[in-house]
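Look at the structure below with its sequence beside it.

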Amino acid sequence: MPKGLVLSALVLAVAAFTVHAQGEPPAPADSVMQAQSAPAPSVRPPSALRAYDTPNDHGSNITIEWEVSPDDAAPGSPVTGYEILRSENPDGGFESIATIVGSATIYADNSVEDGVDYYYRVEALAGTGTSDPVQAGPVTASQQWFDRSRANLLVISVLLIAAIITYVYLSTTRELYIRKIAGLEAVNEAVGRATEMGRSILFVPGIQDMDNVQTVAGVAILGHIAQRTATYETDLNVPVSRSIVMSVGRETVKQAYLEAGRPDLYNDDMVHYITDEQFGYVAAVDGIMVREHPAACFYLGAFFAESLILAETGNSIGAIQVAGTAMPTQLPFFVAACDYTLIGEELFAASAYLSKDRKMLGSLKGQDAGKAIAMLAMLIGVGLGTLATITGSDGLMTAYQWLKRLFSLNY
Amino acid sequence: MKRTIPLLITFAVGLALIVAMFIPHVPFYELDGMFSVFYDVIAVFAFILGGGNLLKVHLNKIQNKRRDWKYSIVTVSGFFLVLAAGLLKIGVPDGWSGGYQAPGSLFKFLYDATFQPLQATMFSLLAFFVASASYRAFRAKTKEATILLVAAFIILLRPTPLGYYLTYWLPEPLRFLHIPNLSTWVLSVPNMAGQRAIMIGIALGIVSTSLRLILGIERSYLGSEGK
């Protein structure tokens, strides 16, 4: 046996004995060999390692945070990143789960099981070497029963819901004042005009599906318009771009014709499907406009780039146009091209406004109460912020920051 | 009954989704995704209903030779041509084992040579419509339209060299009148204030409408009771 090998074996045996004698768990011979052959740590380790169950989540997630190595602070630092290791045993068996490049100091481990203790180590990486590790644990992932980050949203929601329900209740006992909405007053005018001209009415409920509340609002208004077209015996044409909207639209129009006492005038083809494709749908609706020259066009729902194409085509045929959407980017187009535009909340108020149903009107008043709360909060916030800046008062600044956080919904 | 059951479903689902917003625990956090899948499943069946309706309307039109019935021939032919090209994988280089959208397939050809150019054409119309709508909106007939015109003029000038050169010479105390600064102010102060007011109104409107639906106050979308 060569002398070198014998010496190496002796050194290994002595090393293994020394480690064991110091109370450390006996390590396999090959890992000791690895430890001896690895380059000496060239950088200092990170510090303040914290591993904790990620709050407000559905479990299976642990967050690891640390402070960068002191050698990572200066420009031209040798630290290239951090290695994150995990084990279920505090003394060994650590396996790398992620390598963070750069100076990030947080990592979310979403590959853990709930209820299991985990230990984490973080090492700074420098070239081919690593720093000594820092260790944290045990930490266990778990699910939470309440998302505390949404507590402010809960408070605001409860306030709003309480205001709306209160006004819905009050509406059953007293008359509520609702301001006139010009766009909705024009609905009767538009239907009347179409009747006088002997032309049809075109209703476009947007290009989104029934899971969009704007489409629901549009279809609700369709019911009221259909009642009037049934009463005046005016043709109604509702091209839709979603099959479910077609089904719901048909039921709504059918109900309206029944309520108006003219089920004989209803036919399923009033509400017809065209295509889900945005511009294919626009081309078809534009074609209907140009060929049939409807006297009135209603665009009520969710719209995107097609809004102006539709509204300008309607304008070119001289139709009276009423539009309404809650898409802020499309509102200027409708305002420019249509006779009346329901801006945002007016679209949602339309159904209540047209039905004159007391409970529905009550919900509008509740909405106004919500606006009053928002305005009050803004006024107080602006006041506190201004005073805090002028006086330099920490108390006012804290109150201002608290109010700001209460209304900051970052989802 | 035809209305009561949907109302109960709406109430239960609406309430469950509101609760799920605040409870991340199983099974609540999965509800949103789960109901979206349910919706997609229903939408698939409804899509067949939509295709059927399209055919019914246009075939009726052709059969009765109603006004502009010839356009319906184009629609029905296009429908069947694309359907056949996709289902039968016509022209797919690898035959049945290849994808229906593979280069060289008839479906891909129809998409590239007809559908895409037609779509681009419709979208391009927007440029002309923006010009015609702007012309009408910016005519200074009223006080409001004049303010709109001035604001739009400032915003439009900002990215141009002219916008810079017109006012770069202004002295320091009047720097706020420099067109790029003025444009930033228009966008970030009056415009932002208006946008936020609209957004707050929209958010409240959505809450109110959703509540009306959940509580069954708004029922028009449910249709007839089968009277």
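The model shown here is predicted. Over all chains, the structure holds 15 salt bridges. Three of them are described here in turn, or rather the residues that take part in them.

Start with A:Glu233 and A:Arg262, whose side chains meet in a salt bridge at 2.7 Å from N to O. A:Glu233 sits in the loop between helix H5 (213-232) and strand E10 (236-240) of chain A, while A:Arg262 sits in the loop between helix H6 (243-259) and strand E11 (271-273) of chain A, so the pair ties together parts that are 29 residues apart in sequence. A:Glu233 has a relative accessible area of 52% and is exposed, because the exposed class begins over 50%. A:Arg262 is partly exposed, with 23% relative accessibility.

A:Arg262 also meets the side chain of A:Asp264 in a salt bridge, with 3.0 Å from N to O. A:Asp264 is exposed, at a relative accessible area of 55%.

The side chains of A:Glu312 and B:Arg136 form a salt bridge of 2.3 Å, N to O. A:Glu312 belongs to helix H8 (residues 306-316) of chain A and B:Arg136 to helix H4 (residues 106-137) of chain B, so this pair joins two chains. Is A:Glu312 buried or exposed? A:Glu312 counts as buried, because its relative accessibility is 4% and buried means under 20%. B:Arg136, at 24% relative accessibility, counts as partly exposed.

The surface patches come next. On chain A, a patch of negative charge on the surface gathers A:Glu88, A:Glu113, A:Asp114 and A:Asp117. One of these residues, A:Asp114, lies in the loop between strand E5 (106-109) and strand E6 (117-126) of chain A. A:Asp114 has a relative accessible area of 32% and is partly exposed.

On chain B, the patch is nonpolar. B:Met34, B:Val37, B:Phe38, B:Val41, B:Phe45 and B:Ile48 form this patch on the surface, and together they have about 600 Å² of accessible area. Where does B:Val41 lie? B:Val41 is found in helix H2 (residues 28-63) of chain B. With 43% relative accessibility, B:Val41 counts as partly exposed.

Definitions and conventions. Residues are numbered from 1 along each chain as its sequence is written. Chains are lettered from A and ligands numbered from 1 in the order in which they are written. This is a predicted model: local features need pLDDT of at least 70, side-chain atom pairs count only at pLDDT 80 or more; totals for chains, interfaces and linings use all residues. Side-chain values use heavy atoms; hydrogens and water are left out. Patches are made of residues with over 30% relative accessible area and no salt bridge: like charges are joined within 9 Å, nonpolar side chains (Val, Leu, Ile, Met, Phe, Trp, Tyr) within 5 Å. Accessible areas come from the Shrake-Rupley method with a 1.4 Å probe; for residues, only the protein chains shown count as cover. A salt bridge is a side-chain nitrogen of Lys or Arg within 4 Å of a carboxyl oxygen of Asp or Glu. Lys and Arg count as positive and Asp and Glu as negative; His and the chain ends are not counted. The place of a charge is taken as NZ of Lys, CZ of Arg, CG of Asp or CD of Glu. Helices (H or I, at least four residues) and strands (E, at least two) are DSSP runs, numbered from the N terminus. Buried means under 20% relative accessible area, exposed over 50%, partly exposed in between (1.4 Å probe, protein chains only).
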